[in-house]
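Q: Hi, could you walk me through this one with me? I have a few quick things to ask.

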Amino acid sequence: MTTAQEEVAVVQTIDAFHRGRFHIVQPKGGGHRSGMDAMLLASLVVGEGPMRVADLGAGAGAAGLAVASRIEGVHVLLVERSPVMADYARKSLALPENGRLAGRIEVVEADVTLTGRARLAAGLEDEVQDHVVMNPPFNDASDRRTPDALKAEAHAMQDGLFEQWIRTAGAIMKPGGQLSLIARPESVAAIIDACGRRFGGIEITALHPRPGESAVRILVTAIKGSRARLTMRAPLVMHEDDSHRFSAVVDDLNNGRTGYARLTAGRQRAR
């Protein structure tokens, strides 16, 4: 992500991603602002179109637009509960800079935790998505709460959150489809437990700031219906020295020059 390219009034910015290949309208000084987490999440979707990708808890749409920017023929469904953030996603799609992508992206205002008929009525259909990506709220109840209500809503983790979000991912995904998410390392047990019998072939990659430093994020992929074993992949290191310059592989992922492919092909191991 670059610095803000333009300010609109005093409440939002337009930010360039993938070296200017698409732009996102985001709240300034409040709410959730997308950055590197969204770009790394998007890099977990690898393949060729046509395919359907759902971004759960999409915010202003950064991860979904990043997928559409890198892979031609992808149709992206941005699912966001907050009307305010969903409106930012619509503003992003209306930007002239995103004209080549807008026709392949749809925004749905819906709570990811909806089930049954309520979920269907909200526009989240059964078994239609090839990929589901998510960057769920990550702040534990014991963390210091932000006074920004919009940001607090986006970041506050609730009990059973991963179970609820991954349940929805499983419902809207085709058999053999791929789940991808980014989270804090301390959430790994909850994620594995939530995958349960829905998803297998779990692959986990730890993201470390520098060699010798503890991981700050984990990248997780899994396949619906797979019975393959869990794999702990080699870690990714953001900075290989004391500078703020990204390592070559992380820089490529962050800027959409390449995707982060799974080690094993999922659909061949699915039911």
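Q: Which residues line the largest cavity?
A: Leu44, Glu203, Thr205, Leu219, Val220, Thr221, Arg233, Tyr260, Ala261 and Arg262 line it. A cavity here is a set of points, on a 1 Å grid over the protein atoms alone, where a 1.4 Å probe fits but cannot get out, and lining residues have an atom within 4 Å of a point. This is a predicted model, where local features need pLDDT of at least 70 and side-chain atom pairs count only at pLDDT 80 or more, while totals for chains, interfaces and linings use all residues. Residues are numbered from 1 along each chain as its sequence is written, and side-chain values use heavy atoms, with hydrogens and water left out.

Q: Which elements give two or more residues to that lining?
A: Strand E9 (199-208) and strand E10 (217-224) do. The largest share, 3 residues, comes from E10. Strands are DSSP runs of at least two residues and helices (H or I) of at least four, numbered from the N terminus.

Q: How does the lining divide by class?
A: Into 5 nonpolar, 2 polar and 3 charged residues. Ala, Val, Leu, Ile, Met, Phe, Trp, Tyr, Cys and Pro count as nonpolar, Asp, Glu, Lys and Arg as charged, and the others, Gly among them, as polar.

Q: What volume does the largest cavity have?
A: About 40 Å³, taking volume as the space filled by probe spheres set on the grid points, which are joined across faces, edges and corners. The count comes to 2 cavities of 30 Å³ or more.

Q: Switching to helices, at what angle do H7 and H8 pack?
A: About 40 degrees, with the axes of H7 (residues 161-172) and H8 (residues 188-195) 9 Å apart. Axes are lines fitted to C-alpha atoms, for helices over the stretch in contact, and angles run from 0 to 180 degrees between N-to-C directions. H7 and H8 are therefore oblique to each other; angles under 35 degrees count as roughly parallel, over 145 as roughly antiparallel, 65 to 115 as roughly perpendicular and the rest as oblique.

Q: And which residues make the contact?
A: Phe162, Glu163 and Ile166 of H7, with Ala190, Ile191, Ala194 and Cys195 of H8; contact means heavy atoms within 4.5 Å. By class, that contact has 6 nonpolar, no polar and 1 charged residues.

Q: Where is Asn135?
A: Asn135 is in the loop between strand E7 (129-134) and helix H6 (149-155).

Q: What is Asn135 in contact with, leaving aside neighbours within four places in sequence?
A: Asp37, Leu41, Leu56 and Ile182. Asn135 and Gly57 are 78 residues apart in sequence and 6.9 Å apart in space, C-alpha to C-alpha.

Notes
1 Å grid on protein atoms, 1.4 Å probe; cavity = no way out; pocket = protein on both sides within 12 Å on 5 of 7 lines; lining within 4 Å.
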